[in-house]
Amino acid sequence: MPRTQIEPFRIKSVEPIRMTSRAERVQLLDEARLNVFQLHADDVLIDWLTDSGTGAMSSRQWSAIMLGDESYAGARSFYRVQNVVRQITGMEHFVPTHQGRAAEKVLFMAACKKGELVPNNCHFDTTRANLEYLGVEALDLVIAEGLQPNLLHPFKGNIDLARVEAVLKAEAHRIPFGMITVTNNTGGGQPVSLANIRAYARLLKQYGKPLIIDICRFAENAMFIKMREPGYEHARIADIVAEMLSYADGCTMSAKKDGMVNIGGFIALRDDRWLDDIRNNLIMMEGFPTYGGLAGRDLEAMAVGLEEGLDEDYLRYRLRTAEYLGEKLDAAGVGFVRPTGGHAVYLDARTVLPHMPVEHYPAWALGNALYLEGGIRGVEVGSVMFGKRLDDGTETFHKMELLRLAFPRRMYTQSHFDYAAEVIAEVKAKAAEIRGVRITKQPKYLRHFTAEFAWVE
């Protein structure tokens, strides 16, 4: 049996990559104020900024687009995707949105009040921002192993149950619901075990609190469970997903991840406790409840994508891709979050750039270096994304300094990963030459998207 894990698809359409020189990239990054978010995509050779909405759709999805019903209310495309979501999640109520952060916003507006607290393993950037904008505390309670990049653990995305219980005992009156994110994007794309979800749901139930799961990468999480959690070796992915969501009272999803589409998201709920408020919020901000900011063709593509995302051959290839890059980096002595995650590899900037103080934002500096060296764009998950500048001008810093290389689905081939490994190894060899940055301009929320920087002299 051959050991090489091949792509379980054939490529039917391609687009060219513009090959830039280092001299060009130096000028382009300066014009972008040292923020790779501000680069033109045509000036990026390998774009691993995000796996959200950036993948390639299948021939089935493109065919489904032609079936889109663009009726304003009650379109058949809505009922098509509603049936798929009900089948996958086991939840009765389905509310479409244009993407995951919109799902978070309309849910949080309906379910949360200022001064409340929401525990999670880790809130990612828009989840945290949507809560904090409402005056709600976003509390991260991932297990200690999840904050140690080099430590091996099969489920580093697990929530710390002892800390959850302590928070519930002290703060239950402030908690509208508990959340958990699968996989844990902030901590390296690490999975959460079924045992942990089950125990977390049981704890919340003791205090009468619902569980909401962020299921952006639910299929990848299910594949990790099949590969790593005893008793699930022979389970179907759909059955693992069904059990995982059976413990939840609701979920939010950016379908731009495991829904395999370029735009779309949803909320699913087991009962109607927040449903009226959610739909009213949706009408004000997104659209009528049967289209939720999406065209009918987008709903049709989402229905197919949610089904295709559960394919085990695809998922096995998907996880192996990250593992393959990790093996290349390990051979080159590059530090990264171990074991590799489902949708990305996270470089550990503290080990790649050990000389750089956190005040110079090492993960951001590493991202700039990768672009300059090889035209690769990643995203910092460190003190720019999760730190804050306080009113007195001082900064808070994140526990980890990671550079996420997130892989669009069904888009890049093995040679792209080989090239990236060579570029990263070259950057590590030149680590002493890499310059830090300082922030010259920033917004109050989600500063990493639009902040401007200058080199540290």
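Visitor: In which hand of crossing does α4 pass α5?

Guide: This is a predicted model, in which local features need pLDDT of at least 70, side-chain atom pairs count only at pLDDT 80 or more, and totals for chains, interfaces and linings use all residues. Residues are numbered from 1 along each chain as its sequence is written, and side-chain values use heavy atoms, with hydrogens and water left out. A crossing is left-handed if the near helix is turned anticlockwise from the far one by less than a right angle, and right-handed if clockwise; here α4 passes α5 in a right-handed crossing.

Visitor: At what angle do the axes of α4 and α5 cross?

Guide: Two packed helices are described by the angle between their axes and the distance between the axes. The axes of α4 (residues 100-111) and α5 (residues 125-133) cross at roughly 25° and come within 9 Å, and the two helices are therefore roughly parallel (angles under 35 degrees). On the α4 side the contact (heavy atoms within 4.5 Å) is made by Arg-101, Glu-104, Lys-105 and Phe-108, and on the α5 side by Thr-126, Thr-127, Asn-130, Leu-131 and Tyr-133.

Visitor: Is α5 mostly covered or uncovered?

Guide: Buried means under 20% relative accessible area, with a 1.4 Å probe and protein chains only. By that criterion α5 is mostly covered, seven of its nine residues being buried, among them Asp-125, Arg-128 and Ala-129. What covers these buried residues includes α4, β3 (117-120), β4 (137-140) and α16.

Visitor: What phi does Gly-135 take?

Guide: Just after α5, Gly-135 takes a positive phi of about 80°.

Note on methods
Axes fitted to C-alpha atoms, helices over the stretch in contact; angles between N-to-C directions. Helix = DSSP H or I, 4+ residues; strand = E, 2+ residues; numbered from the N terminus. Parallel < 35°, antiparallel > 145°, perpendicular 65-115°, else oblique. Buried < 20%, exposed > 50% of the residue type's maximum accessible area, 1.4 Å probe, protein only.
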